[in-house]
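Subject: Structure handover

Hello,

Here is the structure you were expecting, with my notes below it. Please read them alongside the coordinates.

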Amino acid sequence: MASLQKDGRHVCGGTLVNEDFVLSSADCFSSSATASDWTVVLGRQKQNGFNPFEVKLNVTDITLRNHTGPNAAALHLETPAPLSDSILPICVDTGRDFSVGSTCWVAGWGSGAGGEEQVLQEFQTSVVDCEDTSSDRICTEALTLEQEFSGGPLMCYQDGSWFLAGFLAADNKLTNGPQAVQEKSLVSRGSLVDRVFNTAV
């Protein structure tokens, strides 16, 4: 899990997909897509508190893909992420099928459930039928989230590994406070990650 920060403040979540790249939602960069404005923090458990294993990395490039459907962003790190037990990349979807009923998790920071220290939170959910929604979306049961969860991962465990099935976008009806999305949550589909990544490298 990555914390994307602007001016030293957490703005959105992100996901490390290899030593050089973090994936997030393009909606997180509406105020600025200038790489030098952003810092990626890895290994952080608390937004307010001591984090002995965290690493701060500069960003050299941000590639946005928002031609159609959900938006996605690839952040190229200035130096490779130092992998450890606290900092590990997630497997990329590459077209896997996360069928209806699959159990997955979302993660992120927020002042609500995370308390005063804003501890990293994980919430379990299940994949549901999107009905008439674009194939670049994956739908889950309703979630109660905060704005700071934008860009964070939807993670599913398959065949002994964690996969990035999608990421939360700012258009998921998130507000500055907790809000339960009515009926279902729309999440940008992880298969879009491969297209963004291929554009960025």
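Gln 45 sits in the loop between strand 4 and strand 5 (55-65). This is a predicted model, and everything that follows should be read that way. The relative accessible area of Gln 45 is 46%, so the residue is partly exposed. Its C-alpha atom is 5.3 Å from that of Leu 120, although Gln 45 and Leu 120 are 75 residues apart in sequence. Setting aside neighbours within four places in sequence, Gln 45 is in contact with Asn 51, Trp 109, Gln 118, Val 119 and Leu 120.

The chain as a whole

The chain has 15 strands and one helix. Of its 201 residues, 48% are buried. Among the contacts between residues at least 6 apart in sequence, 65% join residues at least 24 apart. The chain exposes about 9200 Å², and 45% of that area is supplied by carbon and sulfur atoms.

Disulfides

There are two disulfides in the structure.

One of them is formed by Cys 12 and Cys 28, with 2.1 Å between the sulfur atoms. It joins distant parts of the chain: Cys 12 belongs to strand 2, while Cys 28 is in the loop between strand 3 and strand 4, and 16 residues separate the two. The torsion about the S-S bond of Cys 12 and Cys 28 is about -100 degrees, so this disulfide is left-handed. Cys 12 counts as buried because its relative accessibility is 4%, under the 20% limit. Cys 28, with a relative accessible area of 6%, is buried as well.

Cys 104 and Cys 156 form a disulfide too, and their sulfur atoms are 1.9 Å apart. This pair also links distant parts of the chain, with Cys 104 in strand 8 and Cys 156 in strand 12, 52 residues apart. The link of Cys 104 and Cys 156 has 100 degrees about the S-S bond and is right-handed. Both Cys 104 and Cys 156 are buried.

Another cysteine to note is Cys 91, which is partly exposed, with a relative accessible area of 31%.

The largest pocket

How much space lies in the largest pocket? The volume is about 520 Å³. The pocket is lined by 22 residues, and the closest to its centre are Met 1, Ser 86, Leu 88, Glu 122 and Met 155. The elements that give two or more residues to the lining are strand 2 (9-16), strand 8 (103-108) and strand 12 (153-158). By residue type, the lining divides into 15 nonpolar, four polar and three charged.

Strand 2 therefore comes up under both headings: it gives two or more residues to the pocket lining, and it holds Cys 12.

Not counting residues up to four places away in sequence, Thr 15 touches Ala 2, Phe 21, Val 22, Leu 23, Ile 90, Pro 153 and Leu 164.

- Asp 7 is placed in the loop between strand 1 (2-6) and strand 2. At 71% relative accessibility, Asp 7 counts as exposed.
- Asp 159 is found in the loop between strand 12 and strand 13 (161-167). Its relative accessibility is 67%, so Asp 159 counts as exposed.

An exposed loop residue

Ser 36 is in the loop between strand 3 (21-24) and strand 4 (38-42). Is Ser 36 buried or exposed? Ser 36 counts as exposed because its relative accessibility is 66%, over the 50% limit. The C-alpha atoms of Ser 36 and Lys 6 are separated by 9.3 Å, and the two residues are 30 residues apart along the chain.

Regards

Definitions and conventions. Residues numbered from 1 in each chain as written. Predicted model: local features only at pLDDT ≥ 70, side-chain atom pairs only at ≥ 80, totals over all residues. Heavy atoms only, no water. Helix = DSSP H or I, 4+ residues; strand = E, 2+ residues; numbered from the N terminus. Buried < 20%, exposed > 50% of the residue type's maximum accessible area, 1.4 Å probe, protein only. 1 Å grid on protein atoms, 1.4 Å probe; cavity = no way out; pocket = protein on both sides within 12 Å on 5 of 7 lines; lining within 4 Å. Points joined across faces, edges and corners; volume = space filled by probe spheres on them. Nonpolar A, V, L, I, M, F, W, Y, C, P; charged D, E, K, R; others polar. Contact = heavy atoms within 4.5 Å. Areas by Shrake-Rupley, 256 points an atom, 1.4 Å probe, with all protein chains shown as cover. Disulfide = S-S within 2.5 Å.
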